[in-house]
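Me: I would like to learn how to read a structure like this one, feature by feature. Could we go through it together?

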Amino acid sequence: MNGIKIVGTGYAAPSKIVTNDDLAKIVETNDEWITSRTGISRRRHMAEGETFTSITVQAARKALESSGIPADSIGACIVATLTPDTLVPSAACLLQRELGLPMDIPCFDLNAACTGFLYALHTMECLLAVSERKYGLVIGAENLSRIINWEDRGTCILFGDGAGAAVVESRAEWNSISAVLGCHGDGQILRVPGVETAERSLISMEGTKVFKFAVEAVPYCMDQVLEKTGLTIDDVDFFVFHQANARIIDLVVRKYHIPQEKYYKNIAEYGNTSAASIPLVIGELHEMGKVGHGSRVLVVGFGGGLTWGGALVEFA
Ligand code: UT7
C-alpha cells in the first residue's frame, strides 16, 4: 500500500491566555498544585470573536503555505475533533468552503478524542492510496473551553483550545506509517454527554484511572510500532506524545531512556488540547527546525474512549 509523509505543517492557538492564578480565582486550586501535578502553567481559551472554525482555518492555511501545495491538489480533508462549531455542517465541510478545496473530495470530521489525529492520519493514508489526488489535509482542533465544567477543579484546570494541521503526500514507494490503533469501550472514565441525554455536554473524567491507563497504553503503542517497523528507539529521530500530563511523558522517557533532545513538552503553555495536542507539538517542532526533511517521528496518543494509537510519521 502507498505510504504518506508530512510535507507541511501549521498551528494556531486562540489569543486569550489563562494562567493558573486566573483559575485560582474561580475554583479552589493554586499554581503549585497544578504545576506539580500536571506540568501546566497556562492554556489558551477562545477570546471574543475567535471560533473553532477561525483558528482551524488559520492552522490549515499555514500548513498549505508551508507545503507549497495548492488547495486544489488536496484529495481529502479530515478534522479530528470532539468540539466543532456545528455538528452539521462538519468542521471539514466548512474548511472546504473557506480554503477553496475541491468539491469532489471527501471532507469529514472524526472523533477519537485525544487519539483523533493519529486515527485521522491512518484514515488519510488509506483514502489517498485509492485517490487520484495525492495530497491530504489532516487537522486536529478543539474548543474544549466550551465544554469545561467550572465546578470541577479536577478537570477545569487541564484543558485548552488550539488547532494543528499537516499536509501529507502519498506515494507508492513510501512505507506506511504503520499505525497501531485501538479502543476499549468505556462509558464512564472520560465522558462528554451528547444528544442522547438532557445532561449538559461538559467533560467529566476520573483522572487517576486515565493516568493508569495512559502509562500502560503509551509503552504498548511504542513497542507495537517499533515491532511493526523493525526499528529501535535509537533509529527514531523524535518522539511526540499526547500532552495530557507532563508526569506521563516523564515516566515514559525515563522507561525508554529517551534523551532530552529527542522529545518535547509544550503542555506548560497549552494544557491538554485533546485532538489538537499532537499536531500542535509537530507544528512547533517543525517551525523550530527540530524535525524536517527525512525526520522519523514516533507519535503516540491516548484518551477518551478509551482510545490509543501510535505511528511512525516521516517528513518528506
Ligand atoms: O487527554 C485525555 C487523557 N487524560 C489524561 O491523561 C489525564 C490523566 N490524569 C491526570 O493527569 C491526573 O490524574 C490529574 C492531573 C487529572 C489529577 O491528578 P492526581 O494526582 O491523579 O490527583 P487526584 O485526582 O488523585 O486528586 C488528589 C487530590 C484530591 O484531594 P484529596 O482527596 O487527596 O484531599 C483532589 O481533591 O488533589 C485534589 N485536587 C486538587 N487540588 C487542588 C484535585 N484537583 C485539584 C486542583 N487543585 N485543581
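Reply: Pro-89 is found in the loop between strand E4 (74-80) and helix H4 (91-99). Helices (H or I, at least four residues) and strands (E, at least two) are DSSP runs, numbered from the N terminus. A cis peptide bond joins Val-88 to Pro-89, with omega about 0°.

Me: What should I keep in mind about the model itself?

Reply: This is a predicted model, in which local features need pLDDT of at least 70 and side-chain atom pairs count only at pLDDT 80 or more, while totals for chains, interfaces and linings use all residues. Residues are numbered from 1 along each chain as its sequence is written, and side-chain values use heavy atoms, with hydrogens and water left out.

Me: Which residues does the cis peptide bond with omega about -10° join?

Reply: That bond links Gly-305 and Leu-306. Leu-306 sits in the loop between strand E12 (296-303) and strand E13 (307-314).

Me: Where is Ala-113 found, and what is its phi?

Reply: Look in the loop between strand E5 (107-110) and helix H5 (116-129) for Ala-113. Its phi is near 50°, a positive value in a residue other than glycine.

Me: How do I read the two ends of helix H2?

Reply: A polar contact is a pair of N or O atoms within 3.5 Å; within protein, one must be able to donate a hydrogen and the other to accept it, and residues adjacent in sequence count only if both atoms are side-chain atoms. Here Asn-30 caps the N-terminal end of H2 (residues 31-38), with a side-chain oxygen 3.2 Å from the backbone nitrogen of Glu-32. After H2 comes Gly-39, whose phi is positive, near 85°.

Me: At what angle do the axes of H3 and H4 cross?

Reply: Axes are lines fitted to C-alpha atoms, for helices over the stretch in contact, and angles run from 0 to 180 degrees between N-to-C directions. The axes of H3 (residues 52-67) and H4 come within 10 Å and cross at roughly 60°. Angles under 35 degrees count as roughly parallel, over 145 as roughly antiparallel, 65 to 115 as roughly perpendicular and the rest as oblique. H3 and H4 are therefore oblique to each other.

Me: Which residues meet there?

Reply: Contact means heavy atoms within 4.5 Å. Phe-52, Thr-53, Thr-56, Val-57, Ala-60, Arg-61 and Leu-64 of H3 meet Ala-91, Leu-94, Leu-95, Glu-98 and Leu-99 of H4.

Me: Which residues are closest to the ligand?

Reply: For this count, a residue is near a molecule or strand if one of its heavy atoms lies within 4 Å of it. The ligand is surrounded by 23 residues, the closest being Thr-29, Arg-37, His-242, Asn-245 and Asn-272. A polar side-chain atom of His-242 lies 2.8 Å from a ligand oxygen atom. In the side chain of Asn-245, an N or O atom is 2.7 Å from an oxygen atom of the ligand. For Asn-272, the distance from a side-chain N or O atom to a ligand oxygen atom is 2.6 Å.
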